[in-house]
Structures are given as structure tokens and as C-alpha cells.
Amino acid sequence: MSTTLPQRTRGHPLGAELGPVPMSLPRRVSVRVPVLVATALLLAAVLLGISIGPADVPILTVLGVFVSHLPLLHLHSGASRLDQAIIWQIRLPRVVLAGLVGAMLASGGASYQGVFRNPLADPYLLGVAAGAGLGATIVIVSGPHMTELLPLAAFIGAVGAVTVTYLVGANAGLRASGASIVLAGVAVAALLTAVQTYLQQEHSQDLQQVYAWILGSFNVATWSDVLLILPYVTLSAVVLLAHRRLLDVLRVGEDEAGSLGVHATRVRLTIVAAATLGTAAAVAVSGLIGFVGIIVAHTVRLTAGSSYRVVMPVSMIGGAAFLILADLVARTAQAPGEIPIGVVTAFVGAPFFLFVLCSKRAQQGVR
Amino acid sequence: MNKALRRSLLSLAMSSAAIATAIGGARSAGAAVPTSNGTFPVSIHAANGTVRLSSRPTAIVSLSSTATEMLYAIGAGRQVKAVDEYSDYPPQAPKTGLDGNQPNVEAIAAYQPDLVVVAGDTTGLTKQLGKLGIPVLSEPAAATLDQAYQQYLQLGEATGQLPQAKVEVTSVRSQIAQIVASTPKPTKGATYYYELDPTYYSVTSSTFIGRVLGLIGLKSIADGAKGGASSGGYPQLNAEFIVKSNPDYIFLADTICCAQTEETVATRPGWSNLHAVSTGRVVPLNDNIASRWGPRIVVLLKDAAQAVDRARSGQR
């Protein structure tokens, strides 16, 4: 849909053509440096994530396990079967899943903020969390033999909620601002949360299970969870990355974007659909982890620039790094006990974000 | 205050309290050993204050599944008029839709009870029912067997069944002693992982169930959890820590809530290497029995002891 648009041409000097706009659109955006920095951060996070854990496996053993899993080499690590299982089947899938979910929540948040031109937008804005929560609660209260359906139900709930929100909101006028969609999202989320709360209170013996799911955790992450969400996250990431320049155009406003030949409604629908699909898949296996969607993208904007050519890829990589590190804290700070990861993302993330906000506010706009 | 707001605040408080009970739980019973001989009127010093009963209650409403089991065990079953929706034992208990976690004062009052027994008063039930002249007796989750025994006696005193309550306590005590005596103590600190749910919430050795299992020489792997004490002895354990700990026994107290079995445990990634899994020392327990501190604790201890027996005698 976007191939006919002149804005897609490489290095288009968007800022120069638009003249003075409310937000400063940098004429030249350096993408390479922030991406490299974020990638280095991600690599460090992954290394820390796989080498540290409550099980206290020596780092050489960890490396040995990795070497032994290299294809064609047939090397034996010398690690015990137990240590191999801990590293390869418990710790590694947890790190990978946290990375995928973090990448998705951060880039989903960045997309929603761009589409709705609202700095407070997060990936749960249109009802993903409420819908997923309702889906998960229905499965949990339906009895013990349904639990395998939990990710599917959460996914369907999330996608369903956003679909309803979009259909209602898009038909309600106020097209230019997208405000009606956001308002519809608030109403849909409130309705679904009411049903969810009713169900959980009616089945108070299941309260702990519902509560544990809502808090979010990677404690039971497996490779099958990774495989389950990989297709959706990949598809979503590809679409969002492909639309990063169009998100820059949308930032100037729908009418202006229209005058530049961008079919704003269609672009918005595509981006929202992609962000929702990925977020719904992420939430389905991780529960409702808050805050990632807001702070990562804003931290990127404040430190590396506000063009979506930077924000989108760097949020994706940085979000993965952030959630891997947050999960590292969640599983080691009180080891061998677990801390809900949502607590960590807010407790560590909020002060960090405030710090970035205060130190950079004078230089750049928040949006 | 706005009525809807008040209700939502109330339900928020109730749900957090219920969560605290579900996740955390074992608070000290704070109960004193009854001194009266079972005559009326009687004053009982319970966890929710002094409870005065002018005559022997004959229309008891029990909102605690453990109290229901205890009431029937001490011969006060015929005095029970209604029990809450989770009181599934004994089967003849008059189960109703009442919910002990979110008690509705009007619905309880409709049974015209002369005594209401709860497992904890988090919603001001004592005060509310007090206005209607209905006494409430709180018997919160026991942290030790002694606290549980005190609750039998307290319920015995409240129902005029003190002699039989004493008999029941003696019986439970001797059954437990018998199981403990006939179970060979593990040579050196045998460990267990006790599973409350499939996200690895567990118990430390200082919880009620931990103390019971401690009687046959078993120690929880969760004892080292820093969050163990702050979470009331019910921490969520890290998956790799459980596997690394390689416990001698795995007790599943999530067979009913979450359909966990020896088979489902064996299919968890990495778990097939566990000693307990490969030697058949995964012990399924009845969640309902395991979460209560009533008379059927004997059944639970017997199940655990049999597993230890089998392991010791090398049958498996």
C-alpha cells in the first residue's frame, strides 16, 4: 500500500519540505550509531542473562553448553545433564522470550504513540491488556484441563478487543485526531475489565492464578512459547520497521500527511494491526507487563532523536535489552524467589526514565 | 461516600485480602486454650476478639472449609445449618452459595444463624453481624499443629462439644505420632519441592504444611528463599533453582486446581533429569486437603510418609 508514496524514497528531506512544524524533525538522522549502541546493549544483556541465574552454574560450563549445541561440531560440554537442562531448556528460552516480548512491547508502544500522536499511548491503549486478561481469566476459571488454551484465549481476547475498539472508534467521527479510537479503547477496556473482575471474584478460589497471570512472569518460559509467538512477532516487526518513515509523516498531522499523498487512515490501520498482533502474541505468553511500552520509546527519543527511522529499530532492540535485564533482576534479586517482572520494570524503569527526562527535557520535545 | 465507590473500594480490599490469603496466608491463630468446660453462657477469646455465646448454637453457618471439617469431626455436624461453597467435606455438609472470601452479610443473616465461623475476618463481618446480634468466631489459618488443636477445642467449647473435641485432638495426635514412628527417618536431610501451582509457588519448612512434612524428616528447598519470610512462607520459586536443587521428593498440591500429575511434571523442559522424577518420587496430593489444617491432615501425612517408605525400602 505504501509503495506508491514519494516519501518512501531514501533520504527524503522531510523536515526541509514541511518548513516549521511543532516538533523538530531533524534534517539528517543518524540511525547507525544508535542502532549499534542498542545492539551492543542487547548483546551485553543477553550475555548477562545467560551467565547469571539462581542455579549458580559456572560461566565456563554455560559456554560449554552453548558450544555443545553448535551444529556439526558434536562437542561435549562436560556439563552435567542437570546443568545442561538448566541452561538450555530453562534459562535460555527465558532470556529469548523476554527479549522478544520486550522488543514487541517497546516497538508496539512507539507505534501507538506515533499513530495516535499521544506520548502517553502504550501498547495496551486500545484494549489489548483488558482483552487478554479476560481471555486468560475465562480459561483459568473454566477448570484445570483448559490451561493449555490460555495463550490462545489471551491472544484472541487481545485481538478481539482491539478489533472492536477500532471498528467502533473509526466509525465515530473525529477522524483527524484518532481521539475517538482512543476513547473507544478506554470504554472497551473498562467493559472487558469489569467482566474479568466479575469472573475472578465469582471464582475466588482461582484468584491467585488469575492474579499471577496478570502480574506477568517468564518463570515458566519454554522454547515452545518462543516458537508460538515468533511468527507473529516477526511479522509485526517487519511491518512496523517498513512503516517507520510513514510514521514520521503521520507525526505532522493527518491532513498534512494527506497533502503529502499518504493515505493516513490506511497507514494507521496497518500499523495498529501489526502492533496489536505482535503485542497480543507477547502478552499471551508473558502476562501483562507494564511500562515497557512507554519508557523505552521515549528514552530512545530523548537520547537518540525523535525520527521513527531511529525510534522504531532502536526501541525494538532496546526494548529487548531492557526486558532481559528487568527479568534478570526479577529472577536473581530475591533468588531463589521470584519478583513479579512488572514490579521490576516500573521500579527500575521509572526512576531511570525520570532521570533521562530531566536531563534531556531542555534539549528536545518529548514527542 | 459514594456508594459505588465504596463498594469498589470494599471489593478491592477484599480481593487483596483474598490474594494475601491465597498466596501467603498462615497467620498466627492468636487463640488461647479454652478453659471453660463446655457449659453456656461461654466467652471465647478468639482471633477476632472475645466471642460470647449465651446458649448452645444450633444453627451454625461455617464460611471456612477447615472449620466445617473440624465441626463434623467433633460431633457438631448436626448443629451446622449452612456451609460455604468451598466446604466440600464431609459430603453431608449443607453446602450453599455463600462465599467466605467475599461474605455477604444479608445472605448469611438469611440463614438466621446463632453462630458464624470464618477463617479470618477481613471485611468487618464481626462488626456487621454483631449489629444483628449474631456472634462470629474466627479461626484463621494455623501455623502449627498446636494452633490447629487449639481450634478444635475452641470450636468444641463454642458448640458444647468440648469432650468430643478433646477426643478428636487426642486421636489426631496419636495417628500423627503413629505415622511418624513407623516412618524411617531419612538418613540425611531429605529435601522436597512442594508445588502450590504450576508457576512454582511453594512453601517453606516453617509453614503449617512444612512443619507437618518436617515431622517425617523432610526439608523444603524453598527455605533459602529470601522472599520466603516476607511472602508468609509461600515464595514463588525460580524454575532453574528448583531443577538445580534436585529435590528428593516433589509434592504436587495442584492436582485439582491445575491438573498437574507425575506425567505433566515429567514433560516440563529439563525436569525429566530430576532425581524425584526419574525415581518416581513425585507425590500427587489432594489440593483441598493440603490447603486445610483440619482432621484430614492425617491423610496427607500418610501419603507423604508412604512415599518416603517406598523410597527407603527401595521399591521404586
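Okay, one definition before anything else: when I say two residues are in contact, I mean that their C-beta atoms, placed from the backbone, lie within 7 Å. And please keep in mind that what's on the screen is a predicted model.

With that, let's start where the chains meet. The contact takes 36 residues from chain B and 32 residues from chain A. H1(B) has the largest share, with six residues. If you sort the chain B side by class, you get 18 nonpolar, 13 polar and five charged residues.

Now let's stay inside chain B. Of its 316 residues, 53% are buried. And if you take the contacts between residues at least 6 apart in sequence, 62% of those join residues at least 24 apart.

Chain B splits into domain 1, residues 17–174, and domain 2, residues 184–313. Where those two touch, 18 residues come from domain 1 of chain B and 16 from domain 2 of chain B. On the domain 1 side, four helices of chain B each supply at least two residues: H1 (3–24), H2 (65–73), H5 (145–159) and H6 (162–182). Which one gives the most? H2(B), with five residues. By class, that side of domain 1 has 10 nonpolar, five polar and three charged residues.

H6(B) has another story, and that's its packing with H13(B), residues 297–313. The two axes come within 10 Å and cross at roughly 0 degrees. Under 35 degrees counts as roughly parallel, so that's what we call H6(B) and H13(B). Who meets whom? From H6(B) you have Val172(B), Gln175(B), Ile176(B) and Ile179(B), and from H13(B) you have Val298(B), Leu301(B), Lys302(B) and Ala305(B). In terms of class, that's six nonpolar residues, one polar and one charged.

On to a sheet. Chain B has an open one with four strands in the order E8-E7-E9-E10, and the pairing is parallel. Which strands sit at the edges? E8 (218–220) and E10 (282–284) of chain B; each has a single partner strand, so one side of each has no neighbour in the sheet. From one strand to the next, the twist averages 30 degrees. For E7(B), residues 190–195, and E9(B), residues 249–252, the link is four bridges, with the strands running parallel. If you want one pair to find on the screen, Glu195(B) has Leu252(B) as its bridge partner in E9(B).

While you're there, have a look at Glu262(B), which is in helix H10 of chain B, residues 262–266. Leaving out residues up to four places away in sequence, Glu262(B) touches Val282(B) and Pro284(B). Those two numbers are the ends of the range for E10(B), 282–284. Is Glu262(B) buried or partly exposed? It counts as partly exposed, because it has 16 C-beta neighbours inside 10 Å. Also, Glu262(B) and Ala276(B) are 14 residues apart in sequence, and their C-alpha atoms are 10.0 Å apart in space.

As background, most residues other than glycine have a negative phi, and most peptide bonds are trans.

The peptide bond joining Tyr89(B) and Pro90(B) is cis, with omega at about -10 degrees. Pro90(B) is in the loop between strand E4 (80–83) and helix H3 (105–109) of chain B.

Then there's Tyr200(B), not a glycine, yet with a positive phi of about 75 degrees. You'll find Tyr200(B) in the loop between E7 and helix H7 (208–214) of chain B. Tyr200(B) counts as buried because it has 23 C-beta neighbours inside 10 Å.

And Asn246(B) also has a positive phi, about 45 degrees, without being a glycine. Asn246(B) is in the loop between H9 and E9 of chain B. With 16 C-beta neighbours inside 10 Å, Asn246(B) counts as partly exposed.

That's what I had. Over to you.

Conventions:
Residues are numbered from 1 along each chain as its sequence is written. Chains are lettered from A and ligands numbered from 1 in the order in which they are written. This is a predicted model: local features need pLDDT of at least 70, side-chain atom pairs count only at pLDDT 80 or more; totals for chains, interfaces and linings use all residues. Domain bounds come from an automatic or database domain assignment. Ala, Val, Leu, Ile, Met, Phe, Trp, Tyr, Cys and Pro count as nonpolar, Asp, Glu, Lys and Arg as charged, and the others, Gly among them, as polar. Two strands pair if DSSP finds at least two bridges between them. Axes are lines fitted to C-alpha atoms, for helices over the stretch in contact, and angles run from 0 to 180 degrees between N-to-C directions. Angles under 35 degrees count as roughly parallel, over 145 as roughly antiparallel, 65 to 115 as roughly perpendicular and the rest as oblique. A residue is buried if 20 or more other C-beta atoms lie within 10 Å of its own, exposed if 12 or fewer, and partly exposed in between; C-beta atoms are placed from the backbone.
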